[in-house]
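Please look through the sequence and the structure before reading on.

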Amino acid sequence: MSAPSFRFRYGPRVLSGPGTAGQVADHLPAGPCLMVTDKGVRSLGLLAPVLEALEKAGIPVSIFDAVEPDPSRETVLATVAAGRAAGAVSVLGVGGGSPMDVAKLAAYLLASGDDLEAIWGVEQAKGRRLPLLLVPTTAGTGSEATPVTVISVGNGEKRGVSAGVLLPDVSVLDPLLTLGLPPHVTAATGIDAMVHAIESYTSARLKNPMSDMLAREALRLLAANLLKACRTPGDVEVRSAMLLGAHLAGVAFANAPVAGVHALAYPLGGLFHVPHGLSNALVLPHVMAFNMPVTAPLYAELAPLVDPSLAGLSPSAQAEGLVAAMVTLSRESGLPQQMRAVGVTEADLPQMAKDAMLQQRLLVNNPRPILEADALAIYQAAW
């Protein structure tokens with residue numbers, strides 16, 4: 001069988017291991033650095049090793065810590081203003097997906113001078129950016145591995161910028177920065193990373209042997225370590241495996257993009273401010289069931305990576321077993337299992353289905369077309 005034609009973009013340079021956050025200054029230029037983070041990361045003291053490294057290197061740092069979950073357009077513009085005021089020559093994002101997403105856009109807008117409104121969509125950002133380094137403090141979003149950023153623009157709508165220039169120069173995977181994560185955050189971000197791997201592996205567009213390889217290894221690492229990370233949060237080896245799994249899944253979906261789960265998760269975040277990872281977890285099994293007529297053979301290939309006991313079963317049993325295994329992982333990690341548990345009422349579902357249809361950049365990647373009526377049925381099943 002001949003290899004298919006495809007394109008693949010490798011991710012940033014990676015520094016992985018305990019204590020690597022102390023090496024950030026080695027990869028930044030001399031001159032003022034804009035650090036983008038949030039108040040939670042700052043209050044936990046996670047910035048300490050990074051700030052110490054910058055101080056030792058004599059790199060002045062200006063900290064912008066006002067990034068909120070599901071960051072807004074206004075926050076992006078405020079970050080850019082802070083960078084301009086500081087005369088920043090580099091940007092350092094430290095935190096979960098929200099600070100890293102804002103850091104990516106700020107690095108681009110500071111250098112290019114582009115208008116944010118002109119770069120929504122795919123490869124519309126064609127200018128240059130400042131040197132950019134990202135340090136994740138959660139094992140989930142994979143933002144440190146992707147050229148994608150997602151921003152809330154009001155009325156529950158989210159918009160994305162996807163452009164190669166947003167890929168960071170260096171990503172630092174330091175498990176010591178994730179040790180303080182509470183179990184519910186560990187669980188939600190871990191499931192988020194597993195969704196990235198599953199959706200990349202089943203993506204209708206741009207799926208390729210390289211992304212498949214990374215998605216499979218990501219899923220194996222994440223499935224084997226998620227519950228351990230929730231139950232023994234101080235285990236550095238387990239946290240390292242989670243960070244690596246999340247990063248590999250990020251590189252996978254940066255090339256073979258995510259689809260229906262993310263499209264239907266966005267209204268949960270936009271309208272109800274449900275954390276992104278939990279939003280994905282709530283709709284995941286129901287989107288997987290909807291896709292099953294098309295994706296069963298691919299689910300069967302992934303199933304033993306999540307639950308080794310599924311090896312040797314028939315392909316159809318393996319495919320169904322994967323969905324069941326994901327539900328079990330989500331439940332045992334302590335996450336809510338129904339949307340009604342996070343404040344969604346049945347009357348909200350039609351508007352959510354309408355809003356999900358705005359996510360065409362994601363829906364085009366779904367292996368089975370999702371119409372508004374399908375989205376409503378999926379939400380009803382998840383409610």
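How much space lies in the largest cavity? About 60 Å³ of space lies there, a cavity being a set of points on a 1 Å grid over the protein atoms alone where a 1.4 Å probe fits but cannot get out, and a volume being the space filled by probe spheres set on points that are joined across faces, edges and corners. This is a predicted model, in which local features need pLDDT of at least 70 and side-chain atom pairs count only at pLDDT 80 or more, while totals for chains, interfaces and linings use all residues. Residues are numbered from 1 along each chain as its sequence is written, and side-chain values use heavy atoms, with hydrogens and water left out.

**Largest cavity**

- The structure holds 5 cavities of 30 Å³ or more.
- Lining residues, defined by an atom within 4 Å of a point, include Ile198, Glu199, Thr202, Ala259, Tyr299, Asn366 and Pro367 in the largest cavity.
- Helices α5 (183–201) and α9 (276–306) are the elements that give two or more residues to this lining, helices being DSSP runs of H or I with at least four residues, numbered from the N terminus.
- The largest share, 5 residues, comes from α9.
- By class, the lining of the largest cavity has 8 nonpolar, 3 polar and 1 charged residues, where Ala, Val, Leu, Ile, Met, Phe, Trp, Tyr, Cys and Pro count as nonpolar, Asp, Glu, Lys and Arg as charged, and the others, Gly among them, as polar.

**Second largest cavity**

- About 40 Å³ of space lies in the second largest cavity, which is lined by Ala281, Leu284, Pro285, Met326, Val327, Ser330 and Gln337.
- At least two residues of this lining come from each of α9 and α10 (315–332), and the lining divides into 5 nonpolar, 2 polar and no charged residues.

**Ser330**

- Ser330 has its place in helix α10 and is buried, with a relative accessible area of 5%, where buried means under 20% (1.4 Å probe, protein chains only).
- Leaving aside residues up to four places away in sequence, Ser330 touches Ile191, Ala281, Leu335 and Gln337, a contact meaning heavy atoms within 4.5 Å.

**Cysteines**

- A search of the whole structure finds 0 disulfides, a disulfide being a pair of cysteine sulfur atoms within 2.5 Å.
- Cys33 is buried, with a relative accessible area of 1%, and Cys230 is buried as well, with a value of 11%.

Definitions and conventions: On a 1 Å grid over the protein atoms alone, a cavity is a set of points where a 1.4 Å probe fits but cannot get out, and a pocket is an open set with protein on both sides within 12 Å along at least five of seven lines; lining residues have an atom within 4 Å of a point. Buried means under 20% relative accessible area, exposed over 50%, partly exposed in between (1.4 Å probe, protein chains only).
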